[in-house]
Amino acid sequence: MSAARVPHAYRDSCANLLIPLNKCRYNEYYLPWKCEDERHSYEKCQYEEFKLRVKKMDEIRAEKGGARSN
C-alpha cells in the first residue's frame with residue numbers, strides 16, 4: 001500500500017480495490033466514465049463495510065439495553 005501511495009485513512013479492507021481504481025483514474029486522466037466498473041466495485045465494498053459496522057453497533061447497543069455510548 002505504501003508503494004501504491006494509498007493514504008492511511010483509506011487503508012481498510014477495500015484498499016485492494018482502491019489501488020486499481022486509482023491506477024485507472026490516473027491513466028484515464030480522471031474521466032469519470034472511464035473507470036466505472038472499478039469505482040462501482042470499490043463503492044460496493046465500502047457500502048458492505050458500512051452495513052457491517054452498523055450491524056455491529058446495533059448488537060452492542062442491544063447488549064447495553066438500548067443505551068447510547070455518548
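**Helix pair**

I checked the handedness: H1 passes H2 in a left-handed crossing. Left-handed here means that the near helix is turned anticlockwise from the far one by less than a right angle. I am working with a predicted model, where local features need pLDDT of at least 70, side-chain atom pairs count only at pLDDT 80 or more, and totals for chains, interfaces and linings use all residues. Residues are numbered from 1 along each chain as its sequence is written, and side-chain values use heavy atoms, with hydrogens and water left out.

I looked up the contact residues (heavy atoms within 4.5 Å). H1 contributes Leu17, Leu18, Leu21, Cys24 and Arg25. H2 contributes Glu38, Arg39, Ser41, Tyr42 and Cys45.

I read off the geometry next. H1 spans residues 15-27 and H2 spans residues 36-63. Helices are DSSP runs of H or I, at least four residues, numbered from the N terminus. The two pack at an angle of about 150 degrees, with axes 9 Å apart. H1 and H2 are therefore roughly antiparallel (angles over 145 degrees).

**H1 itself**

Which residues of H1 are buried? I found Ala15, Leu18, Leu21 and Cys24 (buried is under 20% relative accessible area, exposed over 50%, with a 1.4 Å probe and protein chains only). Their cover includes H2. Just after H1, I noted a positive phi of about 60 degrees at Tyr29.

**Leu52**

I placed Leu52 in H2. Leu52 counts as exposed because its relative accessibility is 52%. Its C-alpha lies 18 Å from that of Gly66, 14 residues apart along the chain.

How values were computed: Axes fitted to C-alpha atoms, helices over the stretch in contact; angles between N-to-C directions. Parallel < 35°, antiparallel > 145°, perpendicular 65-115°, else oblique.
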